[in-house]
Amino acid sequence: MSIVSEYVRQKLRGFVEHRGIVILYDPQRHYDALLGNELDGVPVLRYEGSFFQLRHGADAALEGDRPGKVVLYVPLRREEAGSALVELENAGVILAPGQSPDQDISLTMVAREALKSHLSEKVLQRILADVEAGRMGLADLDRMVRPPEVSPVLEAIYKTNAPGDIALRFLTEPERDQEIERRKALSDLQGLLSAMYEVEGKADTPEKLRVLFAHYLLLTELVTSLGEDIPPRLSGAPVARQVVAQGACAQLVRIWRNRRDLRETYVRLAGEVERQLHPEDLGLPFDALRSLETFHGLDRALLRQVAAALAEHPDDELIALAEERRQGFWAEQDPGELQVAWALVR
């Protein structure tokens, strides 16, 4: 079961458990194929042209001394049902497009809630726009964001079956490398990174794979953040091409950089990539630089542009940017030089 479908099923389970009766209005039939005849032993009854027949089936499912549970699936807009199910609605809960956020079952709202912790906001917005325009359905979302399977040996090494957690631990816990080699799990790890992030390169040791993976992640964040402003030197860079893989890369990098207990590993590996890439020489424009945190050198390049602009003409927005960067990630890592320089510019 993929992330979005499982989110819908969990949502239904929660309401059934607490309210007993759930009426699901689904005019676009997004969830028709997802629901069978029951949900964890709870009957799912479908509207097939007769509200009388649907109410009769619900009465039969709910009768008895103990309160029963039932899900009613109605592939119509709620307004089309009129008051035909009003008694059941009052006794249970209504899930329908346009309801309060917790009960809004529109595919756009469901996709947002299911994917917001898995994708970057930029990538998520692109997907939601396609859902809203009717270009993507539930099956499309399921195909795009189905998490890869984790091999038992990787689960044993990292004590988790969450692909993102394994990728983050691999980046930041080189002390597990000996176990990876002892268990001959390097190929399993490369397969997982390929399935989750589209990493194509191979390596013959965990450390080489770690450097390759870090290089790939950071370049993907940089290139996707630049949009159409990609300098020629980066046009053929090995980066994720599919939107979901780009989002997974951006999410992983953001977590890695923002975790204070992991920052040392980020600074070290970003520095190794930076020594090969020389990002200060890319000639990136101001608007691109102000939105990037990938490399230390990009912060220095932005510093020079802000200083030059302020020397020409004082500007409150640039002063606020200097203060923001003085408290930013790279200034915190380099307080003796970069943080002082931002303070002087401010």
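Biologist: At its relative accessibility, what does K69 count as?
Modeller: This is a predicted model, and the value is computed from its atoms. A residue under 20% is called buried and one over 50% exposed, with partly exposed in between. The relative accessibility of K69 is 30%, so this residue counts as partly exposed.

Biologist: With which residue does the side chain of K69 meet in a salt bridge?
Modeller: Side chains of opposite charge can pair when their charged atoms come close. For K69 the distance from N to O is 3.2 Å, and the partner is itself exposed, with a relative accessible area of 53%. The side chain that meets K69 in this salt bridge is that of E17.

Biologist: How many residues apart in sequence are the parts that E17 and K69 tie together?
Modeller: E17 belongs to helix α1, which covers residues 3-19. K69 sits in the loop between α2 (51-62) and β4 (70-74), so the pair ties together parts whose separation in sequence is 52 residues.

Biologist: What is the distance, N to O, in the salt bridge where the side chains of E79 and R77 meet?
Modeller: E79 counts as exposed, at 61% relative accessibility, while R77 is partly exposed, with a relative accessible area of 43%. The side chains of these two residues meet in a salt bridge, and the distance from N to O is 3.4 Å.

Biologist: How many residues of strand β1 are buried?
Modeller: Strand β1 covers residues 21-25 and is mostly covered. On one side stand I21, I23 and Y25, on the other V22 and L24, and all of these are buried, so that both faces of β1 are covered. The count of buried residues in β1 is therefore 5 of 5.

Biologist: Which strands of the open sheet stand at the edges?
Modeller: The open sheet has 5 strands in the order β2-β3-β4-β1-β5, with mixed pairing. Within this order β1 runs parallel to β4, joined by 5 bridges, with Y25 opposite V74 and I23 having L72 as its bridge partner. β1 also pairs in the parallel sense with β5 (residues 93-95) over 3 bridges, where L24 has L95 as its bridge partner. Two strands have a single partner strand each, so one side of each is left without a neighbour in the sheet, and these edge strands are β2 (38-39) and β5.

Biologist: Which helix gives the most residues to the lining of the largest cavity?
Modeller: The count comes to 1 cavity of 30 Å³ or more, with about 30 Å³ of space in it. Its lining consists of Q190, L193, S194, V199, G201, K202 and L209, which divide into 3 nonpolar, 3 polar and 1 charged. The helix that gives the most to this lining, with 3 residues, covers residues 186-197 and is α11.

Biologist: How far apart in space are I230 and L284, C-alpha to C-alpha?
Modeller: I230 has its place in the loop between α12 and α13 (243-258), and at 32% relative accessibility this residue counts as partly exposed. Leaving aside residues up to four places away in sequence, I230 touches V223 and S235. I230 and L284 are 54 residues apart in sequence, while the distance between their C-alpha atoms in space is 8.5 Å.

Conventions:
Residues are numbered from 1 along each chain as its sequence is written. This is a predicted model: local features need pLDDT of at least 70, side-chain atom pairs count only at pLDDT 80 or more; totals for chains, interfaces and linings use all residues. Side-chain values use heavy atoms; hydrogens and water are left out. A salt bridge is a side-chain nitrogen of Lys or Arg within 4 Å of a carboxyl oxygen of Asp or Glu. Helices (H or I, at least four residues) and strands (E, at least two) are DSSP runs, numbered from the N terminus. Buried means under 20% relative accessible area, exposed over 50%, partly exposed in between (1.4 Å probe, protein chains only). Two strands pair if DSSP finds at least two bridges between them. On a 1 Å grid over the protein atoms alone, a cavity is a set of points where a 1.4 Å probe fits but cannot get out, and a pocket is an open set with protein on both sides within 12 Å along at least five of seven lines; lining residues have an atom within 4 Å of a point. Grid points are joined across faces, edges and corners, and a volume is the space filled by probe spheres set on the points. Ala, Val, Leu, Ile, Met, Phe, Trp, Tyr, Cys and Pro count as nonpolar, Asp, Glu, Lys and Arg as charged, and the others, Gly among them, as polar. Contact means heavy atoms within 4.5 Å.
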